[in-house]
Amino acid sequence: KWKTIWIGKKIYSSSGEVKVGVIKGHVDDATPEKEYKVDGLSGATLTSNGVSNLIKYWMGDAGFKLFLTNLKNGEA
């Protein structure tokens, strides 16, 4: 069920920075930049931080960012 709330979230900002992450609490319509935020799991702060760090690493420069950019441009 938790994986379904990731659908439609954006990973990168317009400048290419990894922005998506897990927040403490609930993402609702009033949450600023809600397209980059996912509900945290109650009582799982370490897990939520770990997931956010994992995404920032693997979607960033040290991970798959270059490959994904090339794939998007039809060069992969």
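Mentor: Leu-54, Tyr-57, Trp-58, Phe-64, Phe-67, Leu-68 and Leu-71 make a nonpolar surface patch of about 690 Å². Two elements, H1 and helix H2 (65-72), each give two or more residues to this nonpolar patch. Keep in mind that this is a predicted model.

Look at single members next. Leu-68 is found in helix H2. Its relative accessibility is 31%, so Leu-68 counts as partly exposed. Tyr-57 has 43% relative accessibility and therefore counts as partly exposed too. Trp-58 has a relative accessible area of 39%, so Trp-58 is partly exposed. A patch member needs over 30% relative accessible area and no salt bridge.

Now the rings in the patch. Tyr-57, Trp-58 and Phe-64 form one aromatic cluster. A pair of aromatic rings is described by the distance of the centres and the angle of the planes. Across the whole structure, a search finds three aromatic pairs. One of them joins Tyr-57 and Trp-58: the ring centres are 4.9 Å apart and the planes stand at 90 degrees, so this pair is edge-to-face. Planes over 60 degrees apart count as edge-to-face. Another of the pairs is Trp-2 with Trp-6, also edge-to-face, with 5.5 Å from centre to centre and 85 degrees between the planes. Trp-2 has 26% relative accessibility, so Trp-2 counts as partly exposed.

Go back to helix H1, which covers residues 45-58 and holds Ser-52. What is the burial state of Ser-52? Its relative accessible area is 8%, so Ser-52 is buried. The reason is the cut-off: buried means under 20% relative accessible area. Leave aside the neighbours within four places in sequence, and Ser-52 is in contact with Gly-21 and Val-22.

Next, the charged side chains. How many salt bridges does a search of the whole structure find? The search finds three. Take Asp-61 and Lys-65: they form a salt bridge, with the closest N and O atoms 3.9 Å apart. That pair qualifies because the limit for a salt bridge is 4 Å. Asp-61 has 70% relative accessibility and so counts as exposed. Lys-65, at a relative accessible area of 21%, is partly exposed.

Asp-29 and Lys-34 form another salt bridge, with 3.0 Å between the closest N and O atoms. Asp-29 is exposed, because its relative accessible area is 69%. Lys-34 is at 32% relative accessibility, so Lys-34 counts as partly exposed.

Glu-33 and Lys-19 form a salt bridge as well, and here the closest N and O atoms are 3.0 Å apart. Glu-33 lies in the loop between strand S1 (21-23) and strand S2 (37-39), while Lys-19 lies in the segment before S1, so the pair ties together parts that are 14 residues apart in sequence. Lys-19 has a relative accessible area of 25%, so Lys-19 is partly exposed. The charged end of Lys-19 also sits over the ring of Tyr-36, 5.3 Å from the ring centre.

Stay with Glu-33 a moment. Its relative accessible area is 41%, so Glu-33 is partly exposed. Its backbone also deserves a look. Most residues other than glycine have a negative phi. Glu-33 is not a glycine, yet its phi is positive, at about 55 degrees.

Finally, step back to the whole chain. The protein has two helices and two strands. Read along the sequence, they follow the pattern β-β-α-α. The C-alpha trace spans about 40 × 25 × 25 Å along its principal axes. Of the 76 residues, 21% count as buried. Among contacts with a separation of 6 or more, 40% come from residues 24 or more positions apart. The accessible surface comes to about 5,600 Å², and 58% of that surface belongs to carbon and sulfur atoms.

How values were computed: Residues are numbered from 1 along each chain as its sequence is written. This is a predicted model: local features need pLDDT of at least 70, side-chain atom pairs count only at pLDDT 80 or more; totals for chains, interfaces and linings use all residues. Side-chain values use heavy atoms; hydrogens and water are left out. Rings of Phe, Tyr and Trp (its six-membered ring) pair if their centres lie within 6.5 Å; planes under 30 degrees apart count as stacked, over 60 as edge-to-face and the rest as tilted. Buried means under 20% relative accessible area, exposed over 50%, partly exposed in between (1.4 Å probe, protein chains only). A charge sits over a ring if NZ of Lys or CZ of Arg is within 6 Å of the ring centre and within 35 degrees of the ring normal. Helices (H or I, at least four residues) and strands (E, at least two) are DSSP runs, numbered from the N terminus. Contact means heavy atoms within 4.5 Å. Patches are made of residues with over 30% relative accessible area and no salt bridge: like charges are joined within 9 Å, nonpolar side chains (Val, Leu, Ile, Met, Phe, Trp, Tyr) within 5 Å. Accessible areas come from the Shrake-Rupley method with a 1.4 Å probe; for residues, only the protein chains shown count as cover.
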